[in-house]
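User: I am new to this structure and would like a close look at one part of it. Please keep the explanation plain and define the terms as you go.

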Amino acid sequence: MKEPEKRREFHLTFRVLTSHSALTDFLASQNISANRIREDAEARRNAANASNAQSAGAGPSSTAANGDAAQVAEAEEAAQVATAADKAAEKKRKSQAAAIDKIKKSKAFKKRKRQDEDSDSDGIAEAILAGRAAPLPGQMENCEICDKRFTVTPYSRAGPNGGLLCNKCGKELAQDNKDEKAQKKKKVAARGTARRQVASNRLDGVIGCKSLMTMCISTLVNNIDLADDLGDLPDQIVDRVARQVAKRRILTPMSLNLFLQSGYENVTVYDSARLGSDDLIRIFQMVPKLKNLKLKNAIQFKDEVMNYLITRKTPLNSLYLHGANLVSEEAWKQFLVAKGKQLASLRVYFTDKHVGDNFTATLKETCPALKRLKIAHNQQVTDVGIGHISELHELEHLSIQLITPTSTEPYVKVINKIGKTLQTLSLTGESIADLDDRVLDAIHENCTSLRKLRITHSEVMTDAGFVRLFKNWVNKPLTFIDFEKCRHVDSSKPRENAHLNGLCSDGFRALMSHSGKSLKKLNVHACRHISREAFEDVFSLDKEYPELENMEISFCEEVTDFVVGCIFRTCPKLKNLNVFGCMKLKEVRVPKGRILVGMPNAMGMEIEGTED
Amino acid sequence: MAEEEVSKYVTLISNDGFEFVVLREAVLISPMIKSMVDAKSEDHFPGQVMEKVVEYFHYWYKNREKEDVPDMDIPAELCLELLVAADFLGLDKQT
């Protein structure tokens, strides 16, 4: 009776054993575990054994021949069978517990646990285990969505309720998910761009609604290719369009035509980098009445352009050339000889060779009517060249920014000779680092009609000099003052300033008491020896600076929250305040409509006014 | 452009006969119209342009308290005429 059973058992074992190499691999590739088959078989075998034992036990008891002994044997056998069944169950439980433990450690579990915190952790693990027990590849299953029968493959997707999906429904679901993700990503990107745009607008001083004109101009510039002609827009709008076009770097030989109308007197090209010499010559051909010409990045403004200009009868009286480094000294001279008489304004930026001392020397003879002269980023003009400027008696606006170091004397000479009529005096750049208080004294003595004063990067001028300049100065209050980086620098003793070099507390007090009434723009960037007391005095609440719109106090170390608060209260028109590097600022309340740039906090560049 | 006294609204009439009824407070953004609201004045712009101008009045009125405002949509073909209108009406200032 036990014979066939034994054979079957042998047979089964044999099958399992022989299948181990090739078949197991195949099954494993199909996600079927040989182990599991073996366990199932074992469980079946145990169950069969148990039933056999029962029937076998029934046999001897019916004969009742062996009496007690047989009963004992039967009981023992039953117990044995029971322990075998128990063992199998135990094993199963253990393996399940092990699987659950493993699941509990897995990522998927942790994720689900996070999703619903309060549910029982064993429950989740069991659910995952049950999910794993879903139909295996190769089996047939009903699709969860369309209910069609389909063959499960390793690539079958799980449906929203945990069942499997047929190929078609799975694809559709995947597509939906993809779209959703793409949309999300896009949204995030859009939000990022918008935030950057808002920050950029704030730095430009734009809060809230843009004006209709601003929006029209940006639309126009976006579609600049469609425009044939700007019509008869007023000059200041043409200028705004030109600025926007340059900002987007779309000023090409094509779009240049928009700004060249025969009736124009002003041509401003803020970015000529993409224009060739021929395009620049075209300006003089198409705009015969040209009076004011302003070209930035005019790299291709060469001798041939200058020579063409000389031959024309263009009534030019203002020339602004930026980056025209290829015009030779000879061509400059010819230009000044031919056109100098009518020239009232001459501004030359970024030249390294051909605008030098000879250039300034010829100005006296060739440009008797020159009112405005600016030489910036220049490498050739020296003390001698500056001396020549003192001969230009009509000059009202003078700006110098050189590279080669210069000394005090020529500047004093210039100020002594022509200071009386000067309205603008701007001395900037590293080349004036050694200028001393004599320049300030000369300004105090001679200048009576200044409105704009800029002296930067001076490390030798002293606080006392600035006090002498502003104290009892007959000049009317200024509207623009810039003393950027007039401060003492010593890397070994950064806080000490024994001789009070640069603009310090008393100079600042004197400045504000002289010019505070009409000052529109003030820059004391990095004048770091102005004390907190001086700021508090100057901006104490009984004072008012009614015109001040723009102020730069970056890197003034002593500026505190209180000082900034006082500044906003005492300057009703103040729109923009820069406070980069004022590390004592913690939390400033900004009145509505004002812009504070450069707060040293992680929130970003700026806090915009919200307080009333 | 004509005006209706007493009312909360102002009627702006374009030179080709379109009429726009606009909230009086909203048109005050334009110093030009503000001065015209008292005195009768003749037509200046075609309806299409006027429509956009009026749209801007309301756009401005709706968003005047806000900080982060999306731009108004301006059709490219109208923008030159609209620019002239904006200049004429003094709509070049913020706020």
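Where in chain A does A:Ala526 lie? Please describe that part and then its surroundings.

Analyst: A:Ala526 lies in the loop between β12 (521-523) and α20 of chain A. The model is a predicted one, in which local features need pLDDT of at least 70 and side-chain atom pairs count only at pLDDT 80 or more, while totals for chains, interfaces and linings use all residues. Residues are numbered from 1 along each chain as its sequence is written, while chains are lettered from A and ligands numbered from 1 in the order in which they are written.

A:Ala526 counts as buried because it has 24 C-beta neighbours inside 10 Å. A residue is buried if 20 or more other C-beta atoms lie within 10 Å of its own, exposed if 12 or fewer, and partly exposed in between, with C-beta atoms placed from the backbone. The backbone of A:Ala526 has a positive phi of about 65°, although the residue is not a glycine. Most residues other than glycine have a negative phi.

A:Lys485 is another non-glycine residue with a positive phi, of about 60°. Its place is in the loop between β11 and α19 of chain A. A:Lys485 is buried because 23 other C-beta atoms lie within 10 Å.

Helix α19 of chain A covers residues 505-515, and eight of its eleven residues are buried. These are A:Ser505, A:Gly507, A:Phe508, A:Arg509, A:Ala510, A:Leu511, A:Met512 and A:Ser515. Their cover includes α18 (463-470), β11 (480-482) and α20 (532-538), which belong to chain A. Helix α20 also holds A:Glu533. A:Glu533 counts as exposed because it has 11 C-beta neighbours inside 10 Å. The C-alpha atoms of A:Glu533 and A:Glu558 are 8.8 Å apart, although 25 residues separate the two along the chain.

Next comes A:Leu503. Leaving out residues up to four places away in sequence, A:Leu503 touches A:Asp463, A:Phe466, A:Phe483, A:Cys486, A:Phe508, A:Val524, A:Cys527 and A:Ile530. Two residues are in contact if their C-beta atoms, placed from the backbone, lie within 7 Å. A:Leu503 is also among the residues with the most contacts inside the largest nonpolar core, which has 142 residues; the others listed are A:Cys216, A:Phe466, A:Val524, A:Ile530, B:Leu83 and B:Ala86. Helix α3 of chain B (residues 47-63) gives the most to this core, with eight residues. A nonpolar core is a set of buried Ala, Val, Leu, Ile, Met, Phe, Trp, Tyr and Cys residues joined through C-beta atoms within 7 Å. In soluble globular proteins, nonpolar side chains tend to be buried together.

Helix α18 of chain A also packs against α17 (residues 437-446), at an angle of about 5° and with the axes 8 Å apart. That angle makes α17(A) roughly parallel to α18(A). Axes are lines fitted to C-alpha atoms, for helices over the stretch in contact, and angles run from 0 to 180 degrees between N-to-C directions. Angles under 35 degrees count as roughly parallel, over 145 as roughly antiparallel, 65 to 115 as roughly perpendicular and the rest as oblique. On the α17(A) side the contact is made by A:Asp437, A:Leu440, A:Asp441, A:Ile443 and A:His444, and on the α18(A) side by A:Gly465, A:Phe466, A:Arg468 and A:Leu469. By class, this contact has four nonpolar, two polar and three charged residues. Ala, Val, Leu, Ile, Met, Phe, Trp, Tyr, Cys and Pro count as nonpolar, Asp, Glu, Lys and Arg as charged, and the others, Gly among them, as polar.

The two chains also meet: 21 residues of chain A are in contact with 23 residues of chain B. Helix α8 of chain A (residues 212-222) gives the most to the side of chain A that touches chain B, with seven residues. That side has 14 nonpolar, five polar and two charged residues.

Chain B has four helices and two strands, and buried residues make up 33% of its 95 residues.
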